[in-house]
Amino acid sequence: MKKIELHLHLDGSISIDYASKLLGRDCRNELIGSNSTSLADYLKRFDLPVELLQDYDNIIEFCYLLGKDLVNDGVIYAEVRFCPLFHNKYISVDRVITAIRIGFSRVKDLKVNLIFCMMRHFSFEDNLKIINLAKKYLGNGCCAIDLAGSEAQFPTKDFEELFKIAKKENIPFTIHAGEADGPSSLMSAIKFGTKRIGHGVRCVEDEEVIKLIRDNNIYLEVCPTSNIDTKTFNSMKEHSIKELVDNGLLVTISTDNRTVSNTNLSNEYKILHDTFNFDDEDFLKFNLNAIDAAFLSDEEKEELRRRLVI
């Protein structure tokens, strides 16, 4: 099945083999976070990738290898997110963005757009830099911004002013919410006017939030295995995805972090089939939802729909 992936972190999806080659040691245990005890613990697995994604040529190669992995997984369109200010220790932010675009452009039969992540622990000024970068590259590699990082430690409600600026500049956005933090983070994201939510799986804890998400046609970027790894749920059987679907919410499926969660979309589909009996019709619907939610023009969406069903 051809697939669409909307929620994919670059630094959480780097090649273990190439990282090991660069460092001269097996990095598998440093990069895979399946045994994490919390979201905060899971996020520690990003320290090494950020170190490795500081070199222009390495960034190109890691993006090329991720692109190949996506194609091998049947992905025809992906939105890859990262924080530009994490990777400019030795090269400029513009060179970072150029390297990422070059890496993905070397992969045939795959279209990639970039989402620039603001970070919850950043200062207002640094996150404003992210918005300005998105404005500069919008339609030229970048398709949107995001807010990522430790939800529980830095509440979503504190970032309202930044999203007001993004709306004023006509920059599309998605927001991580309803994962480590509960319905209150979702209420804030909805208030900001988001049309997409990263995860959002804890909306089932509040019927009013479920109704608001449904009535506002907000798409949920659900990443099942990642939600188990971060201990949002203790097991896949406890995951809320079936409840989300049964409540008529617009669900899309992504991996979040292919390396850190040691998964791909084919694996996610198999797990969802085995656990909840979702079938090909369900997965087609999830992918059509993803196309509708994608930060693309109507013409580009129509082309993806044609490719999806061939």
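Predicted model: local features only at pLDDT ≥ 70, side-chain atom pairs only at ≥ 80, totals over all residues.
Axes are lines fitted to C-alpha atoms, for helices over the stretch in contact, and angles between them run from 0 to 180 degrees between N-to-C directions.

**Helix packing**

Helix α14 (residues 280–293) and helix α15 (residues 298–309) have axes that come within 9 Å and cross at roughly 165 degrees. Because angles over 145 degrees count as roughly antiparallel, α14 is roughly antiparallel to α15. The crossing of these two helices is right-handed. From α14, the contact draws on L284, N287, L288, I291 and D292, while α15 supplies K301, L304, R305, L308 and V309. By class, the residues of this contact comprise six nonpolar, one polar and three charged.

Helix α6 (residues 93–105) takes part in a contact with helix α5 (residues 56–72), and the two axes come within 7 Å. The crossing of α5 and α6 is right-handed. On the α5 side the contacting residues are Y56, I59, I60, C63, Y64, L66 and G67; on the α6 side they are R95, V96, T98, A99, I100, I102, G103 and F104. The residues of the contact of α5 with α6 fall into 11 nonpolar, three polar and one charged.

Helix α6 also meets helix α7 (residues 124–137), with axes that come within 12 Å. The two helices cross at roughly 50 degrees, and α6 and α7 are therefore oblique to each other. Here too α6 passes α7 in a right-handed crossing. V93, D94 and I97 of α6 are in contact with L133, K136 and Y137 of α7. This contact of α6 with α7 contains four nonpolar residues, no polar residues and two charged residues.

| Helix pair | Axes come within | Crossing angle |
|---|---|---|
| α5 and α6 | 7 Å | roughly 35 degrees |
| α6 and α7 | 12 Å | roughly 50 degrees |
| α14 and α15 | 9 Å | roughly 165 degrees |

**Cysteines**

How many disulfides does the structure hold? The number is zero. A disulfide is a covalent bond between the sulfur atoms of two cysteines. For C117, the closest cysteine sulfur is that of C83, at 6.8 Å, which is too far for a bond; the cut-off for a disulfide is a pair of sulfur atoms within 2.5 Å. C117 counts as buried because its relative accessibility is 2%. C203 is likewise in no disulfide, and the nearest cysteine sulfur, that of C223, is 14 Å away. With a relative accessible area of 0%, C203 is buried.

I4 is found in strand β1 (residues 3–9). Is I4 buried or exposed? I4 is buried, since its relative accessible area is 1%. Leaving aside neighbours within four places in sequence, I4 is in contact with I76, Y77, I253, L265, N287, A290, I291 and L304. Among these partners, N287 and I291 of α14 and L304 of α15 also belong to the contact between those two helices. The C-alpha atoms of I4 and K111 are separated by 10.0 Å, although the two residues are 107 residues apart along the chain.

V245 lies in helix α12 (residues 241–246). Its relative accessible area of 27% makes V245 partly exposed. Not counting residues up to four places away in sequence, V245 touches V251, F278 and F286. V245 and F154 are 91 residues apart in sequence, and their C-alpha atoms are 29 Å apart in space.

**Positive phi values**

Most residues other than glycine have a negative phi. Which values does phi take at H199 and K231? Phi of H199 is near 80 degrees, a positive value in a residue other than glycine. H199 lies in strand β6 (residues 196–199) and is buried, with a relative accessible area of 0%. Phi of K231 is near 65 degrees, again a positive value in a residue other than glycine. K231 is placed in the loop between α11 (224–229) and α12, the helix that holds V245. With a relative accessible area of 38%, K231 is partly exposed, whereas H199 is buried.

Terms used:
Residues numbered from 1 in each chain as written. Heavy atoms only, no water. Helix = DSSP H or I, 4+ residues; strand = E, 2+ residues; numbered from the N terminus. Left-handed = near helix turned anticlockwise from the far one by under 90°. Contact = heavy atoms within 4.5 Å. Nonpolar A, V, L, I, M, F, W, Y, C, P; charged D, E, K, R; others polar. Buried < 20%, exposed > 50% of the residue type's maximum accessible area, 1.4 Å probe, protein only. Parallel < 35°, antiparallel > 145°, perpendicular 65-115°, else oblique.
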